[in-house]
Amino acid sequence: MQSITETTKTIARKEKVLQFGEGNFLRAFVDWMIDILNEKTDFNGNVVIVQPLERGLSDMINDQKGLYTTVLRGVQGGKTVEEFRTITSVSRCLNPYKKEDYAEYLKLAESEDLRFIVSNTTEAGIAYSEGNTLEDAPQAAFPAKVCAFLYKRYKAFDGAKDKGIIVIPVELIDKNGDNLKRIVKQYAKEWNLEEGFMNWLDEACDFCNSLVDRIVPGYPRAEATQLCEKIGYQDNLLDSAEIFHLWVIECHKEFHEDELPFGKAGLNVIWTDDMSFYRTRKVRILNGAHTMSVLAAYKAGHDTVQDCIADKKLLYPFMHGGIFEEIIPSMDGSKEELEAYANDVLERFENPYNPHQLLSISLNSVSKFKTRNLPSLLGFINKRGFLPKRLVFALSALISFYEGTEYEGSALKGERDGETYLIQDSQDILEFFAGLYKEGGNAEAKAERLSKAVLSNFDWWGQDLTQIEGLQHEVEKNLRAIWTVGMQKAMQAL
């Protein structure tokens with residue numbers, strides 16, 4: 001079978017978009033949209049991807065000359081829909097940890113064509129960390145990279161106002177653009193960069209907040225051979241996703257529809273000056289249902305979201321009850337509208353074409369729980385006056401999921417039914433759990449130690465959760481059950 005590079009021509013266009021992140025989501029969402037813009041409008045721009053970590057997909061992407069295929073599948077109006085699209089909007093992928101790629105990366109700061117920066121470095125990516133300097137090549141922290149890159153651009157064009165950048169991060173944290181700008185300015189101040197640069201960031205650049213909504217399981221490993229036969233070429237970067245997509249972009253200066261004409265291309269993109277409703281609905285219900293369920297589900301023996309929906313005796317009732325009896329009651333707004341969205345979400349979860357792996361959703365679960373589930377847990381207590389049992393169990397399941405003391409690469413090794421799985425999170429979080437679990441002890445001792453240590457970690461939650469009446473007791477009780485009778489029976493007891 002021929003390769004994708006033998007059957008598809010690359011298209012040279014202006015490199016208008018710098019993208020931090022080469023993962024499945026951005027390639028099946030942003031790059032897919034840019035590809036459609038190129039086809040249906042006069043955008044005529046390509047994406048240069050920057051690999052945010054030292055290890056990643058840059059070699060694979062460059063081997064295929066940036067080409068890959070999106071596989072969009074779902075059920076619409078009772079009919080099966082399947083769409084294949086060969087994406088030609090990615091020109092190359094740079095690994096700035098390689099000397100030659102770093103030089104190319106810096107050249108982009110001087111490009112007349114560059115206009116946009118997009119990113120997805122996970123929820124943990126938009127955060128300040130000490131030890132980054134302007135001279136690092138590259139900086140370790142993503143916001144530090146952005147600060148150094150924009151400063152080089154500012155210097156290259158002598159602070160020209162028309163050479164500013166529109167920055168649209170898609171990391172799933174509240175006010176992602178505002179937070180990224182705040183940390184960029186923090187580094188600028190720490191590095192003693194001139195006031196003119198600070199003014200240029202305010203006057204020439206626009207850091208937009210954004211919200212994305214599309215379920216992207218990614219590489220369809222089990223079906224890859226059949227799908228390649230179907231499309232007629234070998235593609236090692238197949239990227240599967242659902243049909244549904246939504247991008248809400250909140251701008252402070254002006255809407256940028258003239259430069260990114262998504263509406264003209266028929267794409268579901270909303271430009272707004274207030275995205276709070278869309279964000280709360282999506283993060284608390286769709287993402288919240290994922291984070292509430294996946295760790296317990298995995299430890300209970302399931303592997304995909306579809307497995308959870310199919311488990312009508314245990315996991316589906318847990319997820320459904322968590323959404324309709326705990327998450328929605330914790331929220332403000334129209335109950336009918338929230339419930340209608342929730343029903344659509346459950347239908348999307350059931351999509352048989354996207355076997356969304358639970359382990360892929362488990363990445364950085366601590367920060368995800370804080371963003372997605374903790375507001376619902378606290379909101380429920382505030383409105384109802386008692387603890388939401390499923391959300392509390394989800395927090396307990398998170399603690400049990402992170403049980404491990406040995407590492408494989410940068411990941412901690414957990415165990416399910418005698419098989420190893422990888423726990424992936426920031427190094428300080430993994431070290432925290434590993435240290436606690438190394439102390440050993442029986443289920444009762446571990447439950448008491450872990451529940452107190454995790455819930456009282458102010459740096460993780462922004463507060464001491466042991467101060468919430470009854471919460472530590474319930475988490476401790478859940479952990480004892482999980483470690484004594486197993487995850488399934490512990491969940492059944494709910």
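1. Let's start with the interface. Domain 1 and domain 2 bury about 1,500 Å² between them, and carbon and sulfur atoms account for 55% of that area. Keep in mind that this is a predicted model, so the numbers below are computed from it, given that local features need pLDDT of at least 70.

2. On where the two parts sit: domain 1 runs over 4–273 and domain 2 over 285–492. Their centres, taken over C-alpha atoms, are 30 Å apart. Counting contacts, 18 residues of domain 1 meet 16 residues of domain 2.

3. Seven residue pairs are in polar contact across the interface, both partners at pLDDT 80 or more. On the side of domain 1 that touches domain 2, the elements giving two or more residues are β3 (68–76) and β10 (239–241). By class, that side of domain 1 has eight nonpolar, four polar and six charged residues.

4. The structure as a whole holds 30 salt bridges.

5. On annotation, UniProt lists residues 275–483 as "domain: Mannitol dehydrogenase C-terminal", in an unreviewed entry. In the model, that span is 66% helix and 6% strand. The C-alpha atoms at the ends of residues 275–483 lie 42 Å apart.

6. Two backbone details for anyone going through the loops. The peptide bond from A137 to P138 is cis, with omega near 0°, and P138 is found in the loop between β6 (116–119) and α6 (142–156). Then there is N364, a residue other than glycine with a positive phi, near 55°. N364 sits in the loop between α14 (358–361) and α15 (365–384).

Definitions and conventions
Residues numbered from 1 in each chain as written. Predicted model: local features only at pLDDT ≥ 70, side-chain atom pairs only at ≥ 80, totals over all residues. Heavy atoms only, no water. Domains from an automatic or database assignment. Contact = heavy atoms within 4.5 Å. Buried area = accessible area lost by both parts, 1.4 Å probe. Polar contact = N/O pair within 3.5 Å; in protein donor to acceptor, adjacent residues only side chain to side chain. Helix = DSSP H or I, 4+ residues; strand = E, 2+ residues; numbered from the N terminus. Nonpolar A, V, L, I, M, F, W, Y, C, P; charged D, E, K, R; others polar. UniProt positions renumbered as here; feature names shortened; annotations may be inferred. Salt bridge = Lys/Arg side-chain N within 4 Å of Asp/Glu carboxyl O.
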